[in-house]
Amino acid sequence: MNEVLLSGLKIGESARWHNGRLWLAHWGAAEVLAVDLAGNIEVMARVPTTIPFSIDWLPDGRLLVVAGPQSRLLRQEPDGSLIEHADLSGLRSKLNEIVVDGHGNVYVNGGTDFHPAQGATPGFVALVTPDGAVRGVADGLAFPNGMAISPDDSTLIVAESFAATLTAFDIGPDGSLSNRRVWAPVMADGIVLDAEGAVWTPSWTQTGPACLRVAEGGAVLDAIPLDRAGFACTLGG
């Protein structure tokens with residue numbers, strides 16, 4: 001069963017459930033929105049960037065926004081202003097998605113090239129530690145997209161959209177990534193982990209676009225059909 005909660009978006013991305021509401025990056029209006037289950041909408045931030053931009057929160061509740069084209073990570077202060085949390089321009093690439101662990105380590109991916117050379121996989125994951133240091137922790141990814149971290153902060157899962165794979169890494173004590181492996185061979189874009197450790201993601205089935213619930217290893221536990229208009233909004237391109 002599914003129903004429309006919010007419509008009229010000009011590309012909605014980076015959907016997150018936070019403090020009892022659905023938050024998302026409204027790319028076409030350069031806004032961060034929050035909507036409750038009754039459909040009441042609030043603009044939570046206006047973002048001085050073009051697409052893409054993505055969102056997550058620090059452990060203390062402050063909102064983070066990736067300004068992808070400018071390779072900047074912004075932080076919202078209590079007065080609502082957005083200030084620079086980290087400058088990632090040294091990575092020399094546009095940025096895409098973000099996820100934060102319980103220690104305040106921020107993972108940002110990028111290198112999402114729509115037209116890479118044959119065999120090239122320029123995608124990467126970078127780490128921003130709580131002290132503001134920035135370093136690369138994974139590379140060779142085929143269009144990294146949505147990311148999720150296990151509740152115990154031990155595993156990072158990345159959607160490699162061009163490889164039709166959910167890829168997992170072990171997270172080390174210093175935030176480093178190791179033991180790269182296929183978590184599930186499934187086409188994925190934005191992802192989220194549920195309480196049972198399954199991944200939800202927009203994808204496809206033999207009958208068309210659907211929101212899939214996938215277990216580690218690739219078993220599809222649920223598939224909710226989506227019409228193409230709703231699917232395009234969910235994927236954001």
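**Close-up views of a predicted model**

**View 1. Pairing of β9 with β10.** Val 106 in β10 is the bridge partner of Val 100. Strand β9 and strand β10 (residues 106-110) run antiparallel and share four bridges. Strands are DSSP runs of E with at least two residues, helices are runs of H or I with at least four residues, and both are numbered from the N terminus. Two strands count as paired if DSSP finds at least two bridges between them. The model is predicted: local features need pLDDT of at least 70, side-chain atom pairs count only at pLDDT 80 or more, and totals for chains, interfaces and linings use all residues. Residues are numbered from 1 along each chain as its sequence is written, and side-chain values use heavy atoms, with hydrogens and water left out.

**View 2. The open four-stranded sheet.** The strand order is β9-β10-β11-β12, with antiparallel pairing. At the edges lie β9 (95-100) and β12 (134-141), each of which pairs on one side only.

**View 3. Ser 14 in strand β1.** Ser 14 belongs to β1 (residues 12-18). Its phi is near 55°, a positive value in a residue other than glycine. Ser 14 is buried, at 8% relative accessibility; buried means under 20% relative accessible area, exposed over 50%, and partly exposed in between (1.4 Å probe, protein chains only).

**View 4. Ser 71 in a loop.** Ser 71 sits between β6 (63-67) and β7 (72-76). Although not a glycine, Ser 71 has a positive phi of about 55°. With a relative accessible area of 6%, Ser 71 is buried.

**View 5. A cis peptide bond.** The bond from Ile 51 to Pro 52 is cis, with omega near 5°. Pro 52 is in the loop between β4 (41-46) and β5 (53-57).
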